[in-house]
Amino acid sequence: QVQLVDSGGGLVQAGGSLRLSCAASRSIFSINAMGWYRQAPGNQRELVAFITNSGSTNYADSVKGRFTISRDNAKNTVYLQMNSLKPEDTAVYYCNAGAAYRSGSYYYRPGDYWGQGTQVTVSS
């Protein structure tokens with residue numbers, strides 16, 4: 001079992017940056033992969049990025065080249081650096097503890113543990 005606490009959201013103008021943090025209540029070294037999801041009003045929750053415990057990363061096409069996911073095992077924290085933000089990035093962002101697997105490409109399977117979410121609002 002693990003508790004996840006999301007933070008770092010806020011209001012930013014288009015083109016700006018934010019860094020989200022996901023702090024875990026225990027070591028994340030043994031967690032196969034960690035992911036960031038987002039959900040905008042009226043939309044389904046979508047996977048934004050994930051990182052495996054070996055450091056491999058994967059991004060949704062919509063954020064590729066703008067967002068960077070990283071993990072600090074010593075601090076039990078996963079980060080999402082978001083640059084060049086767009087109004088369409090506005091959503092509640094959630095971290096998740098899950099697992100990654102390969103079937104050709106890397107895929108992410110969400111686990112049962114979620115952060116409480118942090119609101120990101122990008123104004124035009």
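When neighbours within four places in sequence are left aside, Arg38 is in contact with Gln44, Arg45, Glu46, Val48, Ser62, Val63, Phe67, Glu88, Asp89, Ala91, Val92 and Tyr93. The model examined here is predicted. Arg38 belongs to strand 4, which comprises residues 33-39, and with a relative accessible area of 6% Arg38 counts as buried, because this value falls under 20%. Two of the residues listed as contacts of Arg38 also take part in polar contacts with the Arg38 side chain: the side chain of Asp89 at 2.9 Å, and the side chain of Tyr93 at 3.0 Å.

Tyr113, located in strand 10 (residues 105-114), is partly exposed, with a relative accessibility of 33%. Apart from residues up to four places away in sequence, Tyr113 touches Gln1, Val2 and Leu4, together with Cys95, Asn96 and Ala97. Between Tyr113 and Ser84, the separation is 29 residues in sequence and 29 Å in space, taken from C-alpha to C-alpha.

An open sheet is formed by 4 strands in the order 1-3-8-7, and their pairing is antiparallel. Strand 1 (4-7) and strand 7 (67-72) each have a single partner strand and therefore stand at the edges, with one side of each left without a neighbour in the sheet. On average, and with direction ignored, neighbouring strands of this sheet are turned by 15° against each other. The antiparallel pair of strand 1 and strand 3 (residues 18-24) is joined by 4 bridges, and Ser7 stands opposite Ser21 in strand 3.

Technical notes: Residues are numbered from 1 along each chain as its sequence is written. This is a predicted model: local features need pLDDT of at least 70, side-chain atom pairs count only at pLDDT 80 or more; totals for chains, interfaces and linings use all residues. Side-chain values use heavy atoms; hydrogens and water are left out. Helices (H or I, at least four residues) and strands (E, at least two) are DSSP runs, numbered from the N terminus. Buried means under 20% relative accessible area, exposed over 50%, partly exposed in between (1.4 Å probe, protein chains only). A polar contact is a pair of N or O atoms within 3.5 Å; within protein, one must be able to donate a hydrogen and the other to accept it, and residues adjacent in sequence count only if both atoms are side-chain atoms. Contact means heavy atoms within 4.5 Å. Two strands pair if DSSP finds at least two bridges between them. Axes are lines fitted to C-alpha atoms, for helices over the stretch in contact, and angles run from 0 to 180 degrees between N-to-C directions.
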